[in-house]
Amino acid sequence: MSGSAAPPDCLQGLCAWIDQVPLSRPKRSLTRDLSDGVMVAEIVKHFLPKLVEMHNYVPANSTQQKLSNWATLNRKVFSKLNFQVAEEDVRKLVANSSDVVEPFLSTLREKIEEKLHGKVQRERPSKQTKDLEYYSTGLTQETANMNVPSYGMKLTEQNPMQWGYSSLGRTNQSLYAQLDPQVRLLLEEKEQAVMTLQETVQILQMKIHRLEHLVQLKDLRIEDLTRHLNNPKIRNPDK
């Protein structure tokens, strides 16, 4: 990861890229927001949900905890994206140094896009006939038009992901194929996230049904015990 400064248009593009991500904290200074690594984890989680477990990353002001978060990112996340952030660069990021922010974000975006592209290539044969089915439900117009704080330009100007999925769901395959490759990859990643959530919902529903069945069995047992207690012959068998 080089420490050379990126051109202004590159920084603007990186800011617009980050603006796509719903972050847990208000956006203030990019260097400070990156310093504890939590925002980095959220960025990767947004594009590659299965790669990050957010409970591993604690918002921090102390240098020790910030370094711990970055060490976890290097070990559990960046290694799966085929890159590492050098210790010297980690310390600069923790210290809010701006000269490594742009090279780091450029590398991170490149590695995420490589991972997405490889994932889409592997999954495309089984998903090809289903590409448009999941976009009939998604962002409402009200959600799409929300005024979200932005590091870069306004989302209406920079973020194609602001388009409602419902409009994509009603278009034909040719229009979907004509989308910008990066946008298409992002949409397909969203589709995968929706599928994962649907599977989670199904599992939770099965657990609910099982618990309801157990409650019914317990109710039957309570009824049976109550009936026995209220029966004098059972309570006093010798009389």
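Predicted model: local features only at pLDDT ≥ 70, side-chain atom pairs only at ≥ 80, totals over all residues.
Student: How many aromatic pairs does the structure hold?

Tutor: The structure holds 5 aromatic pairs. One of them is W17 with F47, where the ring centres are 5.3 Å apart and the planes meet at 5 degrees, so this pair is stacked.

Student: Where do W17 and F47 sit in the chain?

Tutor: W17 is in helix 1, residues 8–18, and F47 is in helix 3, residues 38–47.

Student: Is W17 buried or exposed?

Tutor: W17 counts as buried, because its relative accessibility is 3% and the cut-off for buried is under 20%. F47 is buried as well, at 2%.

Student: What about W70 and F78, how are those rings arranged?

Tutor: The W70 and F78 rings form a tilted pair, with 6.4 Å from centre to centre and 50 degrees between the planes. W70 has a relative accessible area of 0%, so W70 is buried. F78 also comes out at 0% and is buried.

Student: Which residues form one aromatic cluster?

Tutor: That cluster is made of W70, F78, F83 and F104.

Student: Changing topic. Which residues form the positive surface patch?

Tutor: R75, K76, K80 and K115 form that patch.

Student: Where is K115, and how exposed is K115?

Tutor: K115 lies in helix 6, which covers residues 101–127. At 32% relative accessibility K115 counts as partly exposed, because that class lies between the 20% and 50% cut-offs.

Conventions: Residues numbered from 1 in each chain as written. Heavy atoms only, no water. Phe/Tyr/Trp six-rings, centres within 6.5 Å; stacked < 30°, edge-to-face > 60°. Helix = DSSP H or I, 4+ residues; strand = E, 2+ residues; numbered from the N terminus. Buried < 20%, exposed > 50% of the residue type's maximum accessible area, 1.4 Å probe, protein only. Patch = residues over 30% accessible without salt bridge, like charges linked within 9 Å, V, L, I, M, F, W, Y side chains within 5 Å. Areas by Shrake-Rupley, 256 points an atom, 1.4 Å probe, with all protein chains shown as cover. Salt bridge = Lys/Arg side-chain N within 4 Å of Asp/Glu carboxyl O. Lys, Arg positive; Asp, Glu negative; His and termini not counted. Charge placed at Lys NZ, Arg CZ, Asp CG, Glu CD.
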